[in-house]
Each structure stands twice: as structure tokens, then as C-alpha cells.
Amino acid sequence: MDADVVVVGAGPSGSSMGYHLARGGLDVLVLEKAHFPREKVCGDGLTPRAITQLISQGIDISESAGWVRNKGLRIIGGGMRLEMDWPELTSHPPFGLVRQRADFDELLATNAAKAAARIRYGVTVTGPVIDDRTGRVLGVTTKNEHGELAEVRAPLVIAADGT
């Protein structure tokens with residue numbers, strides 16, 4: 001096997017998964033087709049529940065670390081405007097955070113690498129490797145930026161590659 005776990009995608013889900021699994025002692029390989037920083041159209045704002053996850057990964061959520069705090073949501077559409085404060089919950093902070101997505105993804109991937117997850121950029125996963133006999137996924141096939149094909153084997157493959 002090339003790793004205990006292969007994670008496809010180094011966005012927030014994939015990098016967070018890589019962080020937690022590597023901290024748990026597994027050999028984790030995270031494959032990402034892009035290079036960071038990269039801009040994404042979605043997801044610059046984080047809810048209090050998401051912030052709890054950042055804290056669990058040891059991420060510095062201070063304003064001096066580049067975060068902007070907010071006290072709730074503002075929704076504007078259809079001629080209406082709605083504002084809601086974040087609820088006060090004992091298990092989550094009473095604020096949300098905002099950060100540019102390009103910077104956010106790179107921060108999480110770097111954090112996963114610090115936890116010993118191996119991150120490979122510029123690698124596109126082209127499909128699963130399937131055992132013909134059992135139908136079980138054994139790994140993934142990949143193509144790098146130079147067009148080189150490879151196969152990565154792992155007993156667990158996690159698809160965190162978005163849509």
C-alpha cells in the first residue's frame with residue numbers, strides 16, 4: 001500500500017480529514033489537482049460550528065492571524081433584508097469568521113501537512129482502482145501536470161473533491 005488513507009481533494013473537508021487522520025497516527029496522502037493559493041467562488045464565511053472545528057485543529061482564529069469576526073448573518077434578496085445574530089451556545093463561540101477562500105484552503109492544507117499528512121498538488125484523480133473479484137475500491141488512478149499516469153493504493157479512499 002502507498003498509504004493508509006488516500007484523500008481526494010485538499011479543500012476544507014479533505015484537509016481537515018487529512019489533519020485528523022494523520023494526528024491519529026495514520027499515513028495519509030491528500031491529492032489535490034490545483035495549486036494553492038487558488039480562488040474559489042464559494043465559502044468565505046464560517047459559522048460558529050465551523051469555528052469549533054478550526055479550534056479543534058489548533059488553528060489561530062484571532063484577528064491578528066487574518067480573520068474577520070461577524071456577529072450574525074445578513075440576507076438580502078427578493079426585495080427583503082433579514083439580519084440574524086448567531087445563537088449563544090455553550091459548545092460554540094458566539095461569532096462567525098470570514099477569510100478569503102484562497103487563503104483559507106491553503107491554511108488548512110498547511111495545517112494538515114504539519115500534522116504529517118502528505119499533500120500532493122497538481123495531481124488529478126482520474127478514477128478508482130477496483131478489485132474485479134470483490135468490487136472493493138483499492139486506491140485511485142492519477143495523472144500529474146506532466147501527463148504522467150500512476151496508481152495509488154490504500155485500504156481507505158475518501159472522496160472530498162466537491163462536485
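**Exposure and salt bridges**

Trainee: Why is Arg-153 called partly exposed?
Mentor: Its relative accessibility is 31%. Buried means under 20% relative accessible area, exposed over 50%, and partly exposed in between (1.4 Å probe, protein chains only). The value of Arg-153 falls in between, so partly exposed is the label.

Trainee: What should I know about the model itself?
Mentor: This is a predicted model, in which local features need pLDDT of at least 70 and side-chain atom pairs count only at pLDDT 80 or more, while totals for chains, interfaces and linings use all residues. Residues are numbered from 1 along each chain as its sequence is written, and side-chain values use heavy atoms, with hydrogens and water left out.

Trainee: What makes Glu-151 and Arg-153 a salt bridge?
Mentor: Their closest N and O atoms are 2.8 Å apart. A salt bridge needs a side-chain nitrogen of Lys or Arg within 4 Å of a carboxyl oxygen of Asp or Glu. The pair meets that limit, so the name holds. Glu-151 is partly exposed, at 41%.

Trainee: How many salt bridges does a search of the whole structure find?
Mentor: Nine. One of them joins Asp-27 and Arg-118, with 3.1 Å between the closest N and O atoms. This pair links distant parts of the chain, 91 residues apart. Asp-27 is in the loop between α1 (12-23) and β2, and Arg-118 is in strand β8. Helices (H or I, at least four residues) and strands (E, at least two) are DSSP runs, numbered from the N terminus.

Trainee: Are Asp-27 and Arg-118 buried, exposed or partly exposed?
Mentor: Asp-27 has 29% and Arg-118 has 27%. Both are therefore partly exposed.

Trainee: How do you know that Arg-81 is exposed, while Glu-83 is partly exposed?
Mentor: Arg-81 has 53% relative accessibility, so it counts as exposed. Glu-83 has 48%, so it counts as partly exposed. Their side chains meet in a salt bridge, 3.1 Å from N to O.

**Backbone and helix**

Trainee: What makes the bond between Phe-36 and Pro-37 a cis peptide bond?
Mentor: Omega is about 0 degrees there. Pro-37 is found in the loop between β2 (28-32) and β3 (45-46).

Trainee: How do you know that the span of α1 agrees with what it should be?
Mentor: The expected span is 1.5 Å times one less than the number of residues. For the twelve residues of α1 that gives 16 Å, and the end C-alpha atoms are 16 Å apart, so the two agree. Just after α1, Gly-25 takes a positive phi of about 95 degrees.

Trainee: Which residues of α1 are buried, and what do they pack against?
Mentor: Gly-14, Ser-15, Ser-16, Gly-18, Tyr-19, Leu-21 and Ala-22 are buried. The buried residues pack against β1 (5-8), β2, α2 (48-56), α3 and β12 (156-159). Contact means heavy atoms within 4.5 Å.

**Sheet and pocket**

Trainee: Why are β3 and β4 (68-70) said to stand at the edges?
Mentor: Three strands form an open antiparallel sheet in the order β3-β7-β4. β3 and β4 each have a single partner strand, so one side of each is left without a neighbour in the sheet.

Trainee: What makes β3 and β7 (residues 96-98) a pair?
Mentor: They share two bridges, in the antiparallel sense. Pairing needs at least two bridges found by DSSP, so they qualify. Leu-46 stands opposite Leu-97 in β7.

Trainee: Which residues lie nearest the centre of the largest pocket?
Mentor: Gly-9, Lys-33, Ala-160, Asp-161 and Gly-162, out of 27 lining residues. The largest share of the lining, five residues, comes from β9.

Methods
On a 1 Å grid over the protein atoms alone, a cavity is a set of points where a 1.4 Å probe fits but cannot get out, and a pocket is an open set with protein on both sides within 12 Å along at least five of seven lines; lining residues have an atom within 4 Å of a point.
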